[in-house]
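These are my notebook entries on a single model, kept in the order in which I looked things up. I went through helix packing, then the strands, then the backbone geometry.

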Amino acid sequence: MSLRVFIVDDEEPARSRLKELLGDIAAEVATSVVGEARHGLEALERVPASGAQVLLADIHMPGMGGLELARHLCGLEHPPAVIFVTAHDRHAVEAFELSAIDYLLKPVRAARLAAALKKAVAAAAPGREQLARAAQEPREYLSVVERNRIVLLPVRDIVFLRAEQKYVTVRTAAREHLIEEPLVALEREFAARLVRIHRNCLVARAAIRGFERNPGDDEAQWLVVLEGIAERLPVSRRQWPTVRELVAEK
């Protein structure tokens, strides 16, 4: 039975080269190409319905690169194994090796591709934590899976993130979504964009419009006013000096 492979690369010659190599190694590793895409955004639309078992993804692509693509695919019930393809990028290679993520260097060689595919068959898809460790840039999107479809949530549209039991509520001006990612990891990844106002809440720095008194609450004497939503969120005593200083700088 052939291994179902999906190829993502913004250069058509690179995709063609991978297909040629897959043909060259057919006797050793039988594969069928179930889809192609020019970048991560296109792949997110096509991969869930493709039944792909392995993703061959370029790292650097316009729109969305391979690492962010793989992080969103983690939300699928059966995410594909991922093999990254890259021109020699020392920092990326070191990150992949430290995170035990497989990669191929361009120009890709047939023997190395066959070995990577055999490894992918035996291995599980990379986890969120592995991919996060290998990433060098914060994501441009968070994502949720709805009926085997990946819905992207632009980070620029987030007003606040609030932890509630095992989930985090992602609030935009339009609606709420639930994701399963640790708030502390989100805080670390998006430190330039979000600020902690409470032990369970991060807000977009750019969305802060002011503060209101919160009478009768000694733990949170101030409420933050955010653009686009009516809800006021409490600022803890511990976080108040940081938040106040941030607003003073605006």
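**Entry 1. Helix packing**

Is the crossing of α2 and α3 left-handed or right-handed? I note before answering that the model is a predicted one. I looked up the pair and found the crossing of α2 and α3 to be right-handed.

I then recorded the geometry of the pair. Helix α2 covers residues 40–50 and helix α3 covers residues 66–73; their axes come within 9 Å and cross at roughly 30°. Angles under 35 degrees count as roughly parallel, and therefore α2 is roughly parallel to α3.

Next I listed the residues that meet. On the α2 side I found Gly-40, Ala-43, Leu-44 and Val-47, and on the α3 side Leu-69, His-72 and Leu-73. I sorted the residues of this contact into five nonpolar and two polar, with no charged residue.

**Entry 2. The five-stranded sheet**

I asked in which order the strands of the open sheet run. The sheet has five strands in the order β10-β9-β8-β12-β11, and the pairing is antiparallel. I identified β10 (176–179) and β11 (194–198) as the edge strands, each of which pairs on one side only.

Strand β8 (residues 158–164) is joined to strand β12 (residues 201–204) by three bridges in the antiparallel sense. Across this pairing, I found Arg-162 opposite Cys-201 in β12.

Strand β13 (residues 208–213) pairs with β14 in the antiparallel sense over five bridges. One bridge I noted there links Gly-210 to Val-225 in β14. Strand β15 (residues 233–235) pairs with β14 over three bridges, again in the antiparallel sense. In that pairing, Leu-223 stands opposite Pro-234 in β15.

I also examined the connection. β14 and β15 form a hairpin with six residues between them, and Gly-228 in the turn has a positive phi of about 95°.

**Entry 3. Backbone exceptions**

I then looked for departures from it.

Which residues does a cis peptide bond join? I found one between Lys-106 and Pro-107, with omega at about -5°. I placed Pro-107 in the loop between β5 (103–105) and α5 (110–122).

I recorded Asn-148 with a positive phi of about 60°, although it is not a glycine. Asn-148 is in the loop between β6 (141–146) and β7 (149–154). Its relative accessibility is 44%, so I classed Asn-148 as partly exposed.

I recorded Gln-165, also not a glycine, with a positive phi of about 55°. Gln-165 lies in the loop between β8 and β9 (167–172). At 85% relative accessibility, I classed Gln-165 as exposed, because exposed means over 50%.

Technical notes:
Residues numbered from 1 in each chain as written. Predicted model: local features only at pLDDT ≥ 70, side-chain atom pairs only at ≥ 80, totals over all residues. Heavy atoms only, no water. Axes fitted to C-alpha atoms, helices over the stretch in contact; angles between N-to-C directions. Helix = DSSP H or I, 4+ residues; strand = E, 2+ residues; numbered from the N terminus. Parallel < 35°, antiparallel > 145°, perpendicular 65-115°, else oblique. Left-handed = near helix turned anticlockwise from the far one by under 90°. Contact = heavy atoms within 4.5 Å. Nonpolar A, V, L, I, M, F, W, Y, C, P; charged D, E, K, R; others polar. Pairing = 2+ DSSP bridges. Buried < 20%, exposed > 50% of the residue type's maximum accessible area, 1.4 Å probe, protein only.
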